[in-house]
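Visitor: Could you show me how features of a model like this one are to be read, with the general idea given before the case at hand?

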Amino acid sequence: MTMNKKIDCLIWSKDRTIQLYGLIESILKYNDIFNINIVYTSSNDKFNQGYSVLKKEFPNCNWVLESNFEQNSKTIISNFSNSNCCFI
């Protein structure tokens with residue numbers, strides 16, 4: 001039996017671009033086993049611009065603008081392809 005060593009990761013973020021940057025940078029610096037999915041939202045244009053910068057900085061992450069928290073999360077989880085996952 002072949003084991004897939006990737007971990008599907010779902011991160012939720014609202015108005016926390018600097019913290020999200022540090023989290024993603026740390027995850028990617030120390031390992032390459034995570035498939036990172038991010039559901040994000042912002043309360044104003046300043047934060048939205050910050051998320052735009054992050055999306056360019058980390059293009060290999062799956063970025064989903066929150067439209068319906070529950071549905072967005074369920075859709076991502078239903079597309080997880082690995083036996084291991086984490087939620088942050």
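This is a predicted model: local features need pLDDT of at least 70, side-chain atom pairs count only at pLDDT 80 or more; totals for chains, interfaces and linings use all residues.

Guide: Residues are numbered from 1 along each chain as its sequence is written, and side-chain values use heavy atoms, with hydrogens and water left out.

Visitor: How much space lies in the largest pocket, and which residues lie nearest its centre?

Guide: On a 1 Å grid over the protein atoms alone, a pocket is an open set of points where a 1.4 Å probe fits, with protein on both sides within 12 Å along at least five of seven lines, and lining residues have an atom within 4 Å of a point. Grid points are joined across faces, edges and corners, and the volume is the space filled by probe spheres set on the points. Here the largest pocket holds about 170 Å³, and of its 14 lining residues Leu28, Phe34, Ile36, Asn60 and Cys61 lie nearest the centre.

Visitor: Which element gives the largest share of that lining?

Guide: Helices (H or I, at least four residues) and strands (E, at least two) are DSSP runs, numbered from the N terminus. Strand 2 gives the largest share, 3 residues, and both helix 1 (17-30) and strand 2 (34-41) supply at least two.

Visitor: Which residues make the nonpolar surface patch?

Guide: Such a patch joins nonpolar side chains (Val, Leu, Ile, Met, Phe, Trp, Tyr) within 5 Å, taken from residues with over 30% relative accessible area and no salt bridge, the areas coming from the Shrake-Rupley method with a 1.4 Å probe and only the protein chains shown counting as cover. Trp12, Phe69, Ile77 and Phe87 make a patch of about 360 Å², and Phe87 lies in strand 4 (residues 84-87).

Visitor: Which side chains meet in a salt bridge?

Guide: Side chains of opposite charge can pair when their charged atoms come close. The rule asks for a side-chain nitrogen of Lys or Arg within 4 Å of a carboxyl oxygen of Asp or Glu, and the count comes to 1. Glu70 and Lys74 meet at 2.8 Å, N to O, and both lie in helix 3 (residues 69-78), 4 residues apart, about one turn of the helix.

Visitor: Is Asp32 exposed or buried?

Guide: Buried means under 20% relative accessible area, exposed over 50%, and partly exposed in between (1.4 Å probe, protein chains only). Asp32, in the loop between helix 1 and strand 2, counts as exposed because its relative accessibility is 60%, whereas Lys74 at 47% counts as partly exposed.

Note on methods. Patches are made of residues with over 30% relative accessible area and no salt bridge: like charges are joined within 9 Å, nonpolar side chains (Val, Leu, Ile, Met, Phe, Trp, Tyr) within 5 Å.
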